Amino acid sequence: MSKHDYSDVLSALRKLVGDQHVVTDPSELQVLGCDWTKIFTVDPLAAVFPATTGEVSAVLKFCHKNHICVVPSGGRTGLAGGAVAGNKEIVLSLKRMAKIEAVDCVGLTIQCEAGATTQAVQEAALAAGLFFALDLAAKGSSHIGGNIATNAGGLKLIRYGGMREQVMGLEVVLPDGTILDMNYRLRKNNTGYDLKQLFIGSEGTLGVVTRATLRLMPKPRNVQVACLGVNSFTDILGILTRCNQEGVAITAFEFFTDIAHGIVLKHAQGARTPFQERMPFYVILEVEEGPGQASGVMESLLEKIFAEGICVDAVIAQNSTQFKELWSLRENITESLSAHGHVRKNDISLPIDQLDSFIAELEAEIVRSPKDIEIVLFGHIGDGNLHINYVGPNSSDKKDFQLKSRQVEERIFALLPKYKGSVSAEHGIGLLKKKDLKFSRSEVEIKFMRALKNMVDPDGIMNPGKIFE
Ligand SMILES: Cc1cc2nc3c(=O)[nH]c(=O)nc-3n(C[C@H](O)[C@H](O)[C@H](O)COP(=O)(O)OP(=O)(O)OC[C@H]3O[C@@H](n4cnc5c(N)ncnc54)[C@H](O)[C@@H]3O)c2cc1C
């Protein structure tokens with residue numbers, strides 16, 4: 001497209017959403033055309049900010065007719081290069097569509113526009129005396145539309161499921177501008193294919209999510225949190241088994257290594273270790289005292305865990321300040337890693353009972369990896385979700401670091417098929433992992449996915465190059 005054509009496109013978009021809602025300033029576009037990965041070329045034509053589903057539809061109709069590619073964008077906290085525009089696409093941001101529209105305390109639902117942040121939805125639910133279960137450290141910035149498009153997992157999946165389990169209804173605008181209204185509030189609806197599921201986790205490649213109805217629940221009662229210091233990874237699985245067998249309602253079961261802990265202590269403001277002595281592994285265990293249970297569920301659970309000799313030390317939060325302090329040791333890891341050096345992130349998942357054997361193989365790979373790359377492990381281990389982070393010093397060359405860490409990553413991904421594991425538990429494929437889809441999905445599955453994409457978006461204008469070429 002020539003410069004002349006670009007100016008025609010921009011004036012048409014300005015007519016559709018208003019002059020001030022089309023951004024073309026190059027430095028603003030560098031931010032708006034990029035997610036948290038910050039390793040891909042960023043070169044959008046413009047960013048547009050529609051205010052209604054009708055405007056989203058009009059923008060897509062125009063882009064479809066003129067073969068202009070579109071990258072849907074939420075809070076840009078994605079970790080897979082999904083919201084990256086590197087080839088003169090239009091970034092379509094849902095930022096102006098952030099209304100919380102209705103909270104239904106009888107049917108336990110909340111309806112919102114897709115640009116509402118995760119935290120705004122959590123807060124609206126709490127204000128009505130209810131609870132929205134998706135929780136992640138990026139909640140202040142991530143949008144509900146982004147959470148849906150990535151099928152976000154988060155910290156409470158072990159108890160409440162991920163984003164897929166929270167979505168009851170959706171409104172989506174298809175690549176040709178057609179509005180597909182599936183925004184039902186029905187708990188039961190067996191009337192043919194459940195089309196909304198197609199769009200959950202589709203990373204903006206099939207359409208733009210504009211509105212959603214999400215499931216709420218009663219607030220959890222008396223939630224307790226503890227941080228446990230553990231000597232071996234096998235003991236972590238022993239602790240999880242004990243929790244399961246005690247019939248405890250686990251609301252979170254997270255883990256991190258001492259290397260991750262050290263990085264948080266160095267970079268997160270006010271962070272301090274709750275232990276006298278450091279240990280190789282830590283677990284953040286959160287449990288809910290269920291109806292009819294005596295208080296002190298956590299204490300009696302920990303007594304049993306100590307009796308088995310699978311935990312060295314443990315600290316239970318005694319008040320809300322300590323509750324936040326313990327959680328911040330886990331929640332601050334991603335940001336502290338970014339402050340620490342160059343980072344390449346993996347987000348793999350395995351059957352939980354296979355984690356032990358996998359970790360043994362992983363340790364052998366860690367020993368073989370270049371000495372200037374630190375491998376930092378943490379994750380939602382109660383869901384079988386392990387975040388493997390390769391961290392290189394800021395003083396090293398960024399490209400060289402990416403190349404070297406990619407070599408280690410490929411060897412680690414190659415271990416996954418025998419466990420029927422996944423290269424992405426929750427972050428998605430985006431640009432970052434499309435070469436690696438083959439480690440987790442069969443040729444037949446990939447062919448089927450491509451056929452679906454071709455049916456919904458035959459001209460390939462929606463988020464091109466993400467998931468597949
Ligand atoms: C500190 C930190 C912690 C994190 N923790 C977790 C975690 O625990 N669990 C987890 O799952 N993820 C986590 N993430 C990753 C990220 O927050 C999630 O993937 C989140 O769901 C992305 O939402 P977003 O609005 O920022 O999406 P973006 O990054 O803007 O976009 C992500 C993808 O969704 C598409 N998209 C965005 N909005 C729409 C829309 N309205 N319609 C269609 N497609 C759309 C984009 O095109 C892109 O492909 C974390 C990230 C950070 C930085």
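Guide: Phe132 is buried, because 24 C-beta neighbours lie inside 10 Å of it; the term requires 20 or more other C-beta atoms within 10 Å of the residue's own, whereas 12 or fewer make a residue exposed and values in between make it partly exposed, with C-beta atoms placed from the backbone. All of this is read from a predicted model, in which local features need pLDDT of at least 70 and side-chain atom pairs count only at pLDDT 80 or more, while totals for chains, interfaces and linings use all residues. Residues are numbered from 1 along each chain as its sequence is written.

Phe132 sits in the loop that links strand S7 (130–131) to helix H5 (144–150), where helices (H or I, at least four residues) and strands (E, at least two) are DSSP runs numbered from the N terminus. Apart from neighbours within four places in sequence, the contacts of Phe132 are Ile110, Val121, Gln122, Ala125, Leu214 and Leu216, a contact being two C-beta atoms, placed from the backbone, that lie within 7 Å. Gln119 is 13 residues from Phe132 in sequence, with 9.3 Å between their C-alpha atoms.

A contrasting loop residue is Gln276, found between helix H10 (258–267) and strand S14 (281–288). Gln276 is exposed because it has 7 other C-beta atoms within 10 Å, and its C-alpha lies 40 Å from that of Gly81, at a sequence separation of 195 residues.

To place these residues, one can turn to the domains, whose bounds come from an automatic or database domain assignment. That assignment gives domain 1 (3–93), domain 2 (100–218), domain 3 (223–331) and domain 4 (337–428 + 436–444). Between the C-alpha centres of domain 1 and domain 2 there are 23 Å, and their contact takes 15 residues from domain 1 and 20 residues from domain 2. On the side of domain 1 that touches domain 2, helix H3 and strand S3 (70–73) each supply at least two residues, with H3 giving the largest share, 7 residues. That side of domain 1 divides into 6 nonpolar, 8 polar and 1 charged residues, where Ala, Val, Leu, Ile, Met, Phe, Trp, Tyr, Cys and Pro count as nonpolar, Asp, Glu, Lys and Arg as charged, and the others, Gly among them, as polar.

H3 itself (residues 53–65) has 13 residues and spans 18 Å from its first C-alpha to its last, close to the 18 Å expected at 1.5 Å a residue; the expected span is 1.5 Å times one less than the number of residues. Its buried residues are Glu55, Val56, Ser57, Val59, Leu60 and Cys63, and the helix is followed by His67, whose phi is positive, near 55°.

Strand S2 (residues 46–48) and strand S4 (residues 90–93) pair in the parallel sense over 3 bridges, pairing being assigned where DSSP finds at least two bridges between two strands; Ala46 stands opposite Ile90 in S4.

A second open sheet has 7 strands in the order S15-S12-S14-S13-S17-S18-S16, with antiparallel pairing. Its edge strands, strand S15 (313–316) and strand S16 (341–349), each pair on one side only, and neighbouring strands are turned by 15° against each other on average, direction ignored. Strand S12 (residues 223–230) pairs antiparallel with S15 over 4 bridges and with S14 over 8 bridges.

Key. Axes fitted to C-alpha atoms, helices over the stretch in contact; angles between N-to-C directions.
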